[in-house]
Amino acid sequence: MTRRAALLLAALWPGFARAEDRALELQLQLEDHERRPLAGEALRVVLGNGGDWRAPGAGYPLRTDAQGRAGWTGTVPRETRIKRWVSNYVDTLLSLPQRVDWIQVGVELPFLGTPCLYTTELDWFADRSTGVHSTAGAWWADERGRFTRGAEWVEASRGWRLPLAATQGLLSTTLGHEFAHASLMPADDAPSRWQLKLQIRRAAAPVRR
């Protein structure tokens, strides 16, 4: 598809995600359950929903510094979608669907000695000058090494059933890590450059009973 055809399709089809590159600056903070920085931790970051984000080699390998920070600067495909601003019941009734910038983020970190890919999605609502991130997910590798096996929430027991042989028959109250904060917004000094800020918190070591 030519660029001209793609732009025409975007104009005619509101749900079409326009493909163009955007500059992105990632700022990541990794900390433990007491909010102390985790230094020297290896991790992998996958940015964007395009391509094979579930592949074991997707994204960029990083390592946290002495303050538990890691960063990356580059370009990623710009993606948009149609969403409605929802923060309360009134917003649900009155807000109209609009085109928002969005990005899917994956961060690979170990849990119970096994690599896990933690994902979340972020939307930027330009008319409100704010961003929102969606419910996160956690994925483990299948037989081909692709991160396709998710955890199952068991409401009756208030715990997670993990797709791991070592935890068969056991439930976990945590998935190991959580996105304590996530934001996507244009940079103050350069609106064409986007800033992605992540604060990831590691849970306390699980207790087996």
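Which residues does L28 touch, not counting residues up to four places away in sequence? Select L28 and show its surroundings: L43, V45, G68, R69, A70, V107, L198 and I200 are in contact with L28, where contact means heavy atoms within 4.5 Å.

Before going on, note that this is a predicted model, in which local features need pLDDT of at least 70 and side-chain atom pairs count only at pLDDT 80 or more, while totals for chains, interfaces and linings use all residues. Residues are numbered from 1 along each chain as its sequence is written, and side-chain values use heavy atoms, with hydrogens and water left out.

**The nonpolar cores**

Next, select L24, L28, L47, V107 and L198, which touch the most other members of the largest nonpolar core, a set with 33 residues. A nonpolar core is here a set of buried Ala, Val, Leu, Ile, Met, Phe, Trp, Tyr and Cys residues joined through side-chain atoms within 4.5 Å; buried means under 20% relative accessible area, exposed over 50%, and partly exposed in between, with a 1.4 Å probe and protein chains only. Colour the strands β1, β2, β4, β5, β6, β8, β12 (177-186) and β13 (193-202), each of which supplies at least two residues of this core; strands, like helices, are DSSP runs numbered from the N terminus (E, at least two residues, for strands; H or I, at least four, for helices). Strand β5 gives the most to this core, with five residues. A second, separate core has six residues, among them V46, W53, A55 and A58.

Now turn to the charged side chains, where 14 salt bridges are counted, each being a side-chain nitrogen of Lys or Arg within 4 Å of a carboxyl oxygen of Asp or Glu. Select R22 and D101, whose closest N and O atoms are 3.4 Å apart in a salt bridge. Because R22 lies in strand β1 (residues 20-31) and D101 in strand β5 (residues 98-111), the pair ties together parts that are 79 residues apart in sequence. Both R22 and D101 are buried.

Move on to E108 and R44, which form a salt bridge with the closest N and O atoms 2.6 Å apart. E108 is in strand β5 and R44 in strand β2 (residues 42-47), so this pair ties together parts 64 residues apart in sequence; E108 and R44 are both buried.

**Strand pairing and loops**

Select strands β6 (residues 114-125) and β8 (residues 137-141), which pair in the antiparallel sense over four bridges; two strands pair if DSSP finds at least two bridges between them. Within this pairing, A138 in β8 is the bridge partner of Y118. On to β9 (residues 147-150), which pairs with β8 in the antiparallel sense over three bridges, with F147 in β9 opposite A141. The hairpin of β8 and β9 has five residues between the strands, and G145 there takes a positive phi near 85°.

Finish with R35, in the loop between β1 and β2, which has a positive phi of about 65° although it is not a glycine. Is R35 buried or exposed? At 59% relative accessibility, R35 counts as exposed.
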